[in-house]
Amino acid sequence: MLTLKPNCECCDKDLPGDAAARICSFECTFCPDCADSRLGGVCPNCSGKLEVRPTRVGPALERFPASTERHVRAQPCPGGAS
Ligand SMILES: [Zn+2]
Ligand SMILES: [Zn+2]
C-alpha cells in the first residue's frame, strides 16, 4: 500500500490523502508547486521522476489513514529561493 506522507519535503506544506501531490518511486512526497516549478518534475533525493500521487478519499482514507510521520529534507531543496 502506498504510504501517503502528510507534507511536502521541501516546503512542509500539508498534503492530506485527498490533496494533489507528487511522488517518486520511493514515495518522496512534494506539493505540486515545488515539484513542478521548483524541482522540474525530478525528485531531489533520488533523481527519479515525480508523478501525480493517487488520491485516497472518503471511506478508503478513513480505513487506511494517511501517515502522520512528517518528512522534511535536511538540506534545502534545489531550484528555489530559501
Ligand atoms: Zn512544497
Ligand atoms: Zn525520490
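I will start with the ground rules, then take the fold, the sheet, the core and a few separate positions.

This is a predicted model, so local features need pLDDT of at least 70 and side-chain atom pairs count only at pLDDT 80 or more, while totals for chains, interfaces and linings use all residues. Residues are numbered from 1 along each chain as its sequence is written, and chains are lettered from A and ligands numbered from 1 in the order in which they are written.

First, the fold. The protein chain has two helices and three strands. Helices here are DSSP runs of H or I with at least four residues, strands are runs of E with at least two, and both are numbered from the N terminus. Read from the N terminus, the order is β-β-α-β-α.

Now the overall dimensions. Along the principal axes, the C-alpha atoms fill a box of roughly 40 × 20 × 20 Å. The radius of gyration of the protein chain is 12 Å, which agrees with the value near 12 Å for a compact globule of 82 residues. That radius is taken over C-alpha atoms, and the globule rule is 2.2 Å times the number of residues to the power 0.38.

Of the 82 residues, 29% are buried. Buried means that 20 or more other C-beta atoms lie within 10 Å of the residue's own; exposed means 12 or fewer, partly exposed is in between, and the C-beta atoms are placed from the backbone. As for contacts, two residues make one if their C-beta atoms, placed from the backbone, lie within 7 Å. Among contacts with a separation of 6 or more, 51% join residues 24 or more positions apart.

Next, the sheet. In what order do the three strands stand in the open sheet? The order is β2-β1-β3, with antiparallel pairing. β2, residues 29-30, and β3 are at the edges with a single partner strand each, so one side of each has no neighbour in the sheet. For two strands to count as paired, DSSP has to find at least two bridges between them. β1 and β3 pair over two bridges in the antiparallel sense. In that part of the sheet, isoleucine 23 stands opposite glutamate 51 in β3.

Valine 52 is also in strand β3. Is valine 52 buried or exposed? Valine 52 counts as exposed because it has 11 C-beta neighbours inside 10 Å. From valine 52 to phenylalanine 64, twelve residues along the chain, the C-alpha separation is 19 Å.

Now the core. In soluble globular proteins, nonpolar side chains tend to be buried together. A nonpolar core here is a set of buried Ala, Val, Leu, Ile, Met, Phe, Trp, Tyr and Cys residues joined through C-beta atoms within 7 Å. The largest one has 14 residues, and Cys8, Phe30, Cys31, Cys34, Ala35 and Leu50 touch the most other members.

Take two of those. Beyond four places in sequence, phenylalanine 30 touches several residues, including Cys8, Cys10, Ala21, Leu39 and Leu50. Leucine 50 is in the loop between α1 and β3 and counts as buried, with 23 C-beta neighbours inside 10 Å. Its contacts beyond four places include Arg22, Ile23, Cys24, Phe30 and Val42. Leucine 50 and isoleucine 23 are 27 residues apart in sequence, and their C-alpha atoms are 5.1 Å apart.

With 11 C-beta neighbours inside 10 Å, cysteine 46 is exposed. Which residues does cysteine 46 contact, leaving aside neighbours within four places in sequence? They are Cys24, Phe26 and Cys28. The C-alpha atoms of cysteine 46 and phenylalanine 26 are separated by 8.1 Å.

Last, some backbone angles. Serine 47 has a positive phi of about 65° and is not a glycine. Serine 47 lies between α1 (32-38) and β3 (51-52) and is exposed, with 8 other C-beta atoms within 10 Å. Aspartate 12, not a glycine either, has a positive phi of about 65°. Aspartate 12 is in the segment before β1 (22-23) and is partly exposed, with 14 other C-beta atoms within 10 Å.

Alanine 20 is in the segment before β1 and is exposed, with 12 C-beta neighbours inside 10 Å. Its C-alpha atom is 8.1 Å from that of proline 54, 34 residues along the chain.
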